[in-house]
Amino acid sequence: MLSNFYSRVSGFSRPKVAPVVLIMCLSVLPVCADDFYVDAYYGCDETGDGSQAYPWQHLQFALDAIEGSEDNPHTVHLAKGVYQRVDDIGSGITPGDYISIVGECTNETMIPLLWLRGVSEFSVTNVTIQKIAAHQYQE
């Protein structure tokens, strides 16, 4: 139908369409460690995505949402604030393996109780921890 249009309109010729070849180069690279963000005062677990622009509010929520591995460790950055479990104030924050928690300021970033249960590769820096509880699984 368009070819008839172009032949009837003087001065126009049918446009030539050259094939476009799209070459996508996929390289297999190791996945870099992901960084996630938590802000006790300005974050939100419902609308946040763990990014610096939209942080989560609760540390345990973040730790439950991510899973680190030897090939893909994660870092959770904490803004100034107090980070305790909201579902059970008496129980501590429970991290998983291959997770690093980095606080914004040692004196103003606090975890009242850190509960280490069966984790072997885990670190915390720049955070004040009031109490640490650990449990070693016996086989």
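Student: What does Lys80 count as, judged by its relative accessibility?

Tutor: Buried means under 20% relative accessible area, exposed over 50%, and partly exposed in between (1.4 Å probe, protein chains only). At 34%, Lys80 counts as partly exposed. This is a predicted model, in which local features need pLDDT of at least 70 and side-chain atom pairs count only at pLDDT 80 or more, while totals for chains, interfaces and linings use all residues. Residues are numbered from 1 along each chain as its sequence is written, and side-chain values use heavy atoms, without hydrogens and water.

Student: With which side chain does Lys80 meet in a salt bridge?

Tutor: A salt bridge is a side-chain nitrogen of Lys or Arg within 4 Å of a carboxyl oxygen of Asp or Glu. Here Lys80 meets Glu108, with 4.0 Å from N to O. A search of the whole structure finds one salt bridge. Glu108 is likewise partly exposed, at 44% relative accessible area.

Student: Which parts does the pair tie together?

Tutor: Strands (E, at least two residues) and helices (H or I, at least four) are DSSP runs, numbered from the N terminus. Lys80 lies in the loop between S2 and strand S3 (81–82) and Glu108 in the loop between S4 and strand S5 (109–117), so the pair links parts 28 residues apart in sequence.

Student: In what order do the strands of the open sheet stand?

Tutor: Two strands pair if DSSP finds at least two bridges between them. The four strands of this open sheet follow the order S1-S2-S4-S6, and their pairing is parallel. Strands S1 (34–38) and S6 are the edge strands, each pairing on one side only. Within the sheet, strand S2 (residues 74–78) runs parallel to strand S4 (residues 99–103), and five bridges join them. One example is His74, whose bridge partner in S4 is Ile99.

Student: Which residues does Thr125 touch beyond four places in sequence?

Tutor: Contact means heavy atoms within 4.5 Å. Leaving out residues up to four places away in sequence, Thr125 touches Ile101, Val102 and Gly103. Thr125 belongs to strand S6 (residues 122–125). Thr125 is partly exposed, with a relative accessible area of 43%.

Student: Is Tyr42 buried or exposed, and where does Tyr42 lie?

Tutor: Tyr42 is exposed, with a relative accessible area of 71%. Tyr42 lies in the loop between S1 and helix H2 (59–65).
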